[in-house]
Amino acid sequence: MKAALFDLDGVIVDTAKYHYEAWASIAQTLGYTLSAEKNEALKGVSRDQSLMRILDWSGATVNEETFQSLLKKKNRHYLSLVASLGPKDALPGVLSFLETLQYKTISIGLGSASKNARLILERLKIMSFFDAIVDGNDVKQGKPHPEVFLKGAKALGVSPHNCVVFEDSQAGIDAAVSAKMTAIAIGSPEVLSNATKYIPSFTSHPYAKLAEYFQE
Ligand code: BG6
Ligand code: MG
């Protein structure tokens with residue numbers, strides 16, 4: 001039996017830009033300008049690890065209380081940016097990809113670092129496609145550690161080597177590879193490495209073009 005494990009932000013929905021916007025604004029308050037290039041290293045990374053990286057890059061140090069309040073501030077800003085998300089916001093091709101997987105009785109799981117994952121899936125009204133959801137609330141170790149995907153595979157009852165992971169972040173691809181799963185990158189090999197295949201989107205690559213990865 002084969003399974004598909006999806007990352008959320010930047011794969012199912014274009015929320016990666018909102019995480020970036022919210023982090024860039026936090027960085028600015030620390031006197032640091034967060035470039036799009038640096039932001040690549042935050043994709044797939046948990047909320048507190050992301051802040052640790054920004055603090056490291058900015059050279060700023062903060063006490064625990066400020067650290068926690070910056071995390072809250074970032075999340076409040078992020079939640080305000082996703083407040084109006086709805087079913088129309090799933091990235092092009094995602095819905096028909098999920099429908100085809102379901103029709104083919106291929107198990108579907110979510111493996112996301114975000115603690116807001118369930119909320120976003122509900123807003124998009126695609127929760128019912130997922131046979132298992134593992135998110136930032138369920139793991140001790142964030143990507144690139146494989147925990148999130150290994151837990152997803154276990155919940156689906158599928159062995160890791162039968163799982164196909166869809167990821168837009170380097171941390172997530174590395175997590176999939178270290179879980180011994182097939183990693184399909186949504187993005188270009190100029191930005192991402194280590195994946196089995198690179199696709200620009202699910203519109204250019206509907207299920208039919210990726211069917212070989214789901215063959216028994
Ligand atoms: C990942 C995003 O999916 O979730 C990261 O790629 C984000 O940018 C991380 O920091 C944690 O998200 P949240 O919603 O728990 O702050
Ligand atoms: Mg992502």
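The structure is a predicted model, so local features are kept at pLDDT of at least 70 and side-chain atom pairs at pLDDT 80 or more, while totals for chains, interfaces and linings use all residues. Residues are numbered from 1 along each chain as its sequence is written, chains are lettered from A and ligands numbered from 1 in the order written, and side-chain values use heavy atoms, with hydrogens and water left out.

Start with the ligand. Ligand 1 sits in the largest pocket. A pocket here is an open set of points on a 1 Å grid over the protein atoms alone, where a 1.4 Å probe fits and protein lies on both sides within 12 Å along at least five of seven lines; sitting in it takes more than half of the ligand's atoms within 2 Å of its grid points. Helix 1 (16-29) and helix 3 (47-58) are the elements giving two or more residues to the shell around ligand 1, helices being DSSP runs of H or I with at least four residues and strands runs of E with at least two. Domain 1 (3-14 + 86-214) and domain 2 (16-82) both contribute to that shell, so ligand 1 lies between them; the bounds come from an automatic or database domain assignment.

The shell holds 15 residues, with Asp9, Arg47, Ser114, Lys115 and Asn116 the closest (a heavy atom within 4 Å counts). Oxygen atoms of ligand 1 make polar contacts (N or O pairs within 3.5 Å): the side chain of Ser114 comes to 2.6 Å, that of Arg47 to 2.7 Å, and a backbone N or O atom of Val45 to 3.0 Å. The protein buries 97% of the 400 Å² that ligand 1 exposes when taken alone (Shrake-Rupley method, 1.4 Å probe).

Now the backbone. Lys143 and Pro144 are joined by a cis peptide bond, with omega about 15°, and Pro144 falls in the loop between strand 3 (132-134) and helix 7 (147-156). Lys125, not a glycine, has a positive phi of about 60°.

Technical notes
Polar contact = N/O pair within 3.5 Å; in protein donor to acceptor, adjacent residues only side chain to side chain. 1 Å grid on protein atoms, 1.4 Å probe; cavity = no way out; pocket = protein on both sides within 12 Å on 5 of 7 lines; lining within 4 Å.
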